[in-house]
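Here's a quick briefing to read alongside the model. Have the viewer open and follow the topics below.

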Protein chains: 2
Amino acid sequence: MNDSLKNSVSGVRIAHEEMEKIFFKILSSRGFTEEKSASIARVFTDNSLDGVYSHGVNRFARFIKYIDAKIININAEPAKKFSAGAIEQWDGNSGTGILNALFSTERAMKIADKFGIGCVALSNTNHWMRGGTYGRHAAKAGYTFIGWTNTTRNMPAWGAVDFRLGNNPLVISAPFKNDAIVLDMAMSQFSYGKMEAAKEKNSLLPYPGGFNKEGNLTNDPAEILETWRALPIGYWKGAGLALLLDLLAAILSGGLSTHEISRSEHEHNVSQIFFAVNVSKLGDRSAISKTVSTIIEDYQSSVPAAGSGKILFPGERAMFTRKENIETGIPVEQNIWNEIIKLLPA
Amino acid sequence: MNDSLKNSVSGVRIAHEEMEKIFFKILSSRGFTEEKSASIARVFTDNSLDGVYSHGVNRFARFIKYIDAKIININAEPAKKFSAGAIEQWDGNSGTGILNALFSTERAMKIADKFGIGCVALSNTNHWMRGGTYGRHAAKAGYTFIGWTNTTRNMPAWGAVDFRLGNNPLVISAPFKNDAIVLDMAMSQFSYGKMEAAKEKNSLLPYPGGFNKEGNLTNDPAEILETWRALPIGYWKGAGLALLLDLLAAILSGGLSTHEISRSEHEHNVSQIFFAVNVSKLGDRSAISKTVSTIIEDYQSSVPAAGSGKILFPGERAMFTRKENIETGIPVEQNIWNEIIKLLPA
């Protein structure tokens, strides 16, 4: 989430319908079917609406570069490798990460309609952009969701200096009113993009985010970018969680693990897991809604610390940003938008 | 894990067979059946063997106190509330947490034998002591496992000063050789027990573990115990994860959430989730073993930072401690052991 863009002097605001239309045209021009172009354009636009610009509008040109370089196979369809009943293995066939992840989420939901719970373990897929997309999709339809992806190496094991772990984002979501509570968290405390942006502005991170040359925790992004020893969340705990998420992704999908993905120059053919539970199979929907509402009410009645505002639940800030961006347009840096416009067919 | 006990001058070492026998006698004297006494005694002993004394021998007397106070119903059996196929809801009927959790783990494994994946959502149960017990149990038998429990309030929401969240330990495990890789992590960075022990010894925590009166992160346990603002792992991330784990525990089990559990003076009638996948249903066991081994090999070939030893995987330290404690006996503080001996029937 890159709030700095909002007030950038060199920024513009693009209406979301306009953005989606331009994405659609560019995608169609690359040979995606109308249906696929529409899905991908919607996800990139929604991520931008929600304020996740790094995996929305700011990432779109790079996505097209991957298409043009044929790193992503635009004609690929996911294929079922194996079913054990309520868990299925699918091969993403090096296709578009967004489409494979949307498919797998819906497939897990369909399995859950039959067995209460459904799991899809997906191999050979590509970057899903923002994991929260799939968590929100499932939760809005009345499912709890747990999903994660492995990634290329980008984080050291606890006590190590070189990268052996991915930051393996984990998504957990639950239905809430007409929307969803969506946790979407990488195992690294701050992304390198965030740290680089802070360094450029000469600002410190709000909390320690890695180690300096002396092996001490620091919130100076320049010091961390010198050692590349980014902090896993919860020190050793997040490093352990990253390892286990990679292990389960590889075991369940039969796909590549982080160390295998890291052999390629570009991150591709990652492994992902999608668990859905159909909540309506477990009892009265209105009783479950009440359970969720009372938990959130209690949580939000927390006493804020001095200087803290309202206590937000995961995904709540995205709701506010979405509302604002629908009204005022999606903020984009002028040069980023210019680059996208250049991708339009003549 | 309380390594300080090992070298305590007032400590003794008890052979694990002896400890298990004494636990069994005490449990039988409280009216547990022979089978139940044996299971509970084994788990408390195993946890101690693995070095998790806080949920092993050091907790045993308190467990018996709860039995004597009838907070735990020793005659209760878990009862199936509902089945949706591959996910089942069970009511723990306020019974013994260890027995309910062992039952639920095995039941999830049995469902996974049929559907590939199995989930048990358990309501009205009691403290499972060490979550890793169940993760290791399932993984040693060839299952991947994801499970968690909610707890009473013991951690503030991010940006808050009062407790609204539980530290909701999460367990993820995978089969490894003849044993298991077992991650068992609470959402708080350090337990209050750990912070109190550090304070008593006038020592600092190895890393920041909470906030002081000024609202700054500190590794001084005395300062944290003054504000009771313990740090969630990964700052806002661990707080969000704790909230989602509570939400899913309550939604899936139909049981109590943290704020409801917190109405009682003692933590009881918690909600727990047990997911198991039967790995042998997904492909060749030897290929999967190789996947796990090569991931661990790569992980352990990390370059250690100055001052760091071997890079361990989650659960590996417990393996070393187990070996040592089998050979030399389980270390216990003399006064703790005396208290246990007093619980023996005349």
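Predicted model: local features only at pLDDT ≥ 70, side-chain atom pairs only at ≥ 80, totals over all residues.

Where is the place of M129(B) in chain B? Look in the loop between β4 (117–125) and α5 (132–140) of chain B.

**Positive phi in chain B**

- As a rule, most residues other than glycine have a negative phi.
- M129(B) isn't a glycine, yet its phi is positive, at about 65 degrees.
- M129(B) counts as buried because 23 other C-beta atoms lie within 10 Å, and the cut-off for buried is 20 or more.
- S94(B) is also a non-glycine residue with a positive phi, here about 60 degrees.
- You'll find S94(B) in the loop between β3 (87–91) and α4 (97–115) of chain B.
- With 18 other C-beta atoms within 10 Å, S94(B) comes out as partly exposed.

**Where the chains meet**

- Chain A puts 67 residues in contact with 67 residues of chain B.
- On the side of chain A that touches chain B, the elements supplying at least two residues each are the strands β3 (87–91), β4 (117–125), β8 (170–176) and β9 (179–185), plus the helices α4 (97–115), α8 (236–253) and α10 (285–300).
- α8(A) gives the largest share of that side, with 12 residues.
- By residue type, the side of chain A that touches chain B splits into 42 nonpolar, 18 polar and 7 charged residues.

Notes:
Residues numbered from 1 in each chain as written. Chains lettered and ligands numbered in written order. Contact = placed C-beta atoms within 7 Å. Helix = DSSP H or I, 4+ residues; strand = E, 2+ residues; numbered from the N terminus. Nonpolar A, V, L, I, M, F, W, Y, C, P; charged D, E, K, R; others polar. Buried ≥ 20, exposed ≤ 12 C-beta atoms within 10 Å, placed from the backbone.
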